[in-house]
Amino acid sequence: MELQTPTFPDLITRYRAGELEDIAAWAATRTMPAPVHVEIGSNRGRFLKDLAAALPSRTVLGIEIRRKFAELLDAEVKDEGLDNARVLGADAMLALPLLFADASLECVYLLFPDPWWKKRHAKRRLFAPAFLDLVADKLKIGGHLVVKTDVEPYASFIEAVLPCTERLDLVEPGDAGWPEHAESWPATTRERKVTAAGGPVWRYVLCNNGKPRSDAPYPEIDLDRFPKPEAEPGDNPPARRPRHRG
Ligand SMILES: C[S@@+](CC[C@H](N)C(=O)[O-])C[C@H]1O[C@@H](n2cnc3c(N)ncnc32)[C@H](O)[C@@H]1O
C-alpha cells in the first residue's frame with residue numbers, strides 16, 4: 001500500500017529508532033482495500049475477529065503496541081481465514097499518520113484504553129486533543145470514532161476533552177449521523193468482563209463533520225480533576241448513570 005508523508009502529533013511518547021521503517025515494511029506486504037475500520041489497542045483480538053467476521057465487506061485493521069500480542073493475533077486471523085482482517089504491531093500514533101491518507105477511514109475504535117493515572121504518565125493517554133485532530137484528519141466526512149470506557153473518571157476526562165474539537169459531533173442512536181454498521185459491533189474482552197460483573201460502560205460515538213483543523217492551541221486539561229478511583233472499575237455501582245450502556 002502507498003505510504004503518506006506525515007507530520008506527527010505531539011502525543012508520541014515512546015518512539016524508538018526503526019519503528020517507522022518497521023511499519024513501512026509491514027505495509028509493503030499488505031493491501032488495505034477500502035472501506036477500512038481501525039481498532040487501536042486490539043490486545044488479544046476478540047473484538048477485531050468478531051468485527052471482521054460481522055463486516056466482511058470492510059478491511060478491519062488492529063493496531064496493537066504490544067508486538068507479541070500482534071504477532072499471535074496475526075497468526076490467528078490467518079488460521080481462521082479472516083481474509084479482511086489485518087494486524088500491525090506498532091504505536092497507533094505513528095501508524096495512523098503513516099498508513100492512511102486524510103479522509104480515508106470509515107471508522108476508528110478506541111475501546112477501553114489504558115487510563116494512565118499517574119500524572120507523569122498522563123501524556124500517554126491516547127484520548128487527547130491531538131489524538132482527536134489526528135482521527136478527524138483520517139476519517140472520511142461522516143466517518144466515526146467510537147470510544148468506550150468502564151472507568152468513571154476516564155469518562156469524565158473524555159467529556160472534558162471532547163469540547164477541544166469542533167470537528168467531531170457526538171451522535172446517538174436515531175441521529176442522522178448514527179453509523180449503520182453500529183449493530184455489528186461486538187463486545188471486547190474487557191467489556192464482557194465488566195458487564196458480566198454488572199459494571200457500567202460509557203460509550204461515545206463521534207461523527208466527523210468535515211470542519212478543518214483550527215490553528216488555536218489546545219487547551220490545558222487539569223489532570224488532577226480525574227483521580228484514580230479507589231476501587232477497581234466494576235467493583236462499585238456507578239456514582240452517576242453512564243451516558244450510554246453498551
Ligand atoms: C486496556 S487494554 C484494552 C484491550 C481491548 N480493547 C479490550 O477492550 O479488551 C488497552 C490496549 O491498548 C494497547 N495500546 C496502548 N497504547 C497503544 C498505542 N499507542 N497503540 C496501539 N495500541 C496501544 C495496549 O497494549 C492494550 O492492549
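Author: A cavity is a set of points, on a 1 Å grid over the protein atoms alone, where a 1.4 Å probe fits but cannot get out; its lining residues have an atom within 4 Å of a point. Points are joined across faces, edges and corners, and a volume is the space filled by probe spheres set on them. Rolling a probe the size of a water molecule over the atoms shows where empty space is left. By this rule, there is one cavity of 30 Å³ or more.

A note on the source comes next. This is a predicted model, in which local features need pLDDT of at least 70 and side-chain atom pairs count only at pLDDT 80 or more, while totals for chains, interfaces and linings use all residues. Residues are numbered from 1 along each chain as its sequence is written, and side-chain values use heavy atoms, leaving out hydrogens and water.

Back to the cavity. The volume of the largest cavity is about 30 Å³. Phe47, Leu111, Lys148, Trp185, Pro186 and Glu191 line it. By class, that lining has four nonpolar residues, two charged residues and no polar ones. Here Ala, Val, Leu, Ile, Met, Phe, Trp, Tyr, Cys and Pro count as nonpolar, Asp, Glu, Lys and Arg as charged, and the others, Gly among them, as polar.

Some atom pairs stand out for a close look. A polar side-chain atom of Asn43 lies 2.7 Å from an oxygen atom of the ligand. A backbone N or O atom of Gly41 lies 3.1 Å from a nitrogen atom of the ligand. Leu111 was named in the cavity lining. A polar backbone atom of Leu111 is also 3.0 Å from a nitrogen atom of the ligand. Taken alone, the ligand exposes 600 Å², and the protein buries 90% of that. Such areas come from the Shrake-Rupley method with a 1.4 Å probe; for residues, only the protein chains shown count as cover. Helices (H or I, at least four residues) and strands (E, at least two) are DSSP runs, numbered from the N terminus.

Take Asn43 again. Its place is the loop between strand 1 and helix 2 (46-54). Asn43 has a positive phi of about 50 degrees, although it is not a glycine. It counts as partly exposed because its relative accessibility is 30%. Buried means under 20% relative accessible area, exposed over 50%, and partly exposed in between (1.4 Å probe, protein chains only).

Thr188 is next. It sits in the loop between strand 6 (168-171) and helix 7. With a relative accessible area of 7%, Thr188 is buried. A polar atom of its side chain lies 3.3 Å from the backbone nitrogen of Arg190. Asp175 is found in the loop between strand 6 and helix 7 too. At 34% relative accessibility, Asp175 is partly exposed. A polar atom of the Asp175 side chain lies 2.8 Å from the backbone nitrogen of Glu172.

Glu106 is found in strand 4. Glu106 counts as buried because its relative accessibility is 17%. Its side chain makes a polar contact with the side chain of His37 at 2.5 Å. Another polar contact, of 2.7 Å, joins the side chains of Glu106 and Arg58. A polar contact is a pair of N or O atoms within 3.5 Å; within protein, one must be able to donate a hydrogen and the other to accept it, and residues adjacent in sequence count only if both atoms are side-chain atoms.

Trp116 is in the loop between strand 4 and helix 5. It has a positive phi of about 50 degrees and is not a glycine. Trp116 is partly exposed, at a relative accessible area of 24%. Helix 5 (residues 129-138) is mostly covered, with 10 of its 10 residues buried. Among them are Phe131, Leu132 and Asp133.

A cis peptide bond joins Ala34 and Pro35, with omega about 0 degrees. Pro35 lies between helix 1 (19-28) and strand 1 (36-40).

Technical notes. 1 Å grid on protein atoms, 1.4 Å probe; cavity = no way out; pocket = protein on both sides within 12 Å on 5 of 7 lines; lining within 4 Å.
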